[in-house]
Amino acid sequence: INEPFAVLLALLLERHGAFMLATDWILRQNLPQPLPPWLHQGLVEYLGEDGIHLADFMAEFRVKGPVAMGPAQVDSILTAGLDPDPARDREYFRKACYNAFLMVWQLVEYEGGMVALRDFLGQAAAGIPLDQAARTVYGQDLAGLAASLDPLVMGEPAGGFVFNAAPHRQP
């Protein structure tokens, strides 16, 4: 959530924010091991249906150049403290959230859907090491999975690959 509550209300985004907070809390409470930052934040954004808003937020940053980032940069930004420059902090955080969303969107839309994601999270909740759970469900460890979902490689959805309006349907 990257806006004050009054702004969320004015933009009718408070429901997204509430759902994102609940998702964040559920993940932290139910998983005995932390997810990689890209996956945790990507799930928060994806399940909170924030992707279209994040895509809209990128418009102001596209004039400076590409907005895509690799998983390592996303993780670095999401785990860093506040940047002393508020404008830069806002830009980097929004870009990191957008790219984390893109990675999870790709994961759900093209790598087994919600069934695979539930299986992975269920194994993680049962205490199975994350790399092992990722190998079982996705056929590769988390580093390999992140690399396969890298927005610098995969690009942004366009044309017929734009965000699915029915994410509950299996691909």
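Predicted model: local features only at pLDDT ≥ 70, side-chain atom pairs only at ≥ 80, totals over all residues.

Trainee: Let me back up a bit. How many helices and strands does the chain have?

Mentor: There are 11 helices and zero strands. Reading from the N terminus, you get α-α-α-α-α-α-α-α-α-α-α.

Trainee: How much of the chain is buried?

Mentor: Buried residues account for 44% of the 171 in the chain.

Trainee: What about contacts between residues at least 6 apart in sequence: what share joins residues at least 24 apart?

Mentor: That share is 70%.

Trainee: Back to α3. Why is it described as largely enclosed by the rest of the structure?

Mentor: Because nine of its 11 residues are buried. The buried ones are W38, L39, H40, Q41, G42, L43, V44, E45 and Y46.

Trainee: What comes just after α3?

Mentor: Just after that helix, E49 takes a positive phi of about 50°.

Trainee: Now α8. What span should it have, and what do the end C-alpha atoms say?

Mentor: Helix α8 covers residues 113–125, so 13 residues at 1.5 Å a residue should span 18 Å. Its end C-alpha atoms are 18 Å apart, which agrees.

Trainee: Which residues of α8 are buried?

Mentor: G113, M114, A116, L117, F120, L121, Q123 and A124 are the buried ones. After α8 comes G127, with a positive phi near 90°.

Trainee: Switching topic: how many cavities of 30 Å³ or more are there?

Mentor: The count comes to two. The second largest cavity holds about 40 Å³ of space.

Trainee: What lines the second largest cavity?

Mentor: Its lining is made of L102, M103, W105, Q106, L149, P151, M154 and G155. Both α7 (86–110) and α11 (151–154) supply at least two residues of that lining, and α7 gives the most, with four.

Trainee: How does that lining split by class?

Mentor: Six of its residues are nonpolar, two are polar and none is charged.

Trainee: Since α7 came up again, I was curious about E91. Is E91 buried or exposed?

Mentor: E91, which sits in helix α7, counts as buried because its relative accessibility is 8% and the cut-off for buried is under 20%. Leaving aside neighbours within four places in sequence, E91 is in contact with F61 and K64.

Trainee: Last one. Where is S76, and what class does its accessibility put it in?

Mentor: S76 lies in helix α6. At 45% relative accessibility, S76 counts as partly exposed.

Trainee: How far is S76 from A96?

Mentor: They are 20 residues apart in sequence and 8.9 Å apart in space, going C-alpha to C-alpha.

Notes:
Residues numbered from 1 in each chain as written. Heavy atoms only, no water. 1 Å grid on protein atoms, 1.4 Å probe; cavity = no way out; pocket = protein on both sides within 12 Å on 5 of 7 lines; lining within 4 Å. Points joined across faces, edges and corners; volume = space filled by probe spheres on them. Nonpolar A, V, L, I, M, F, W, Y, C, P; charged D, E, K, R; others polar. Expected span 1.5 Å × (residues − 1). Buried < 20%, exposed > 50% of the residue type's maximum accessible area, 1.4 Å probe, protein only. Contact = heavy atoms within 4.5 Å.
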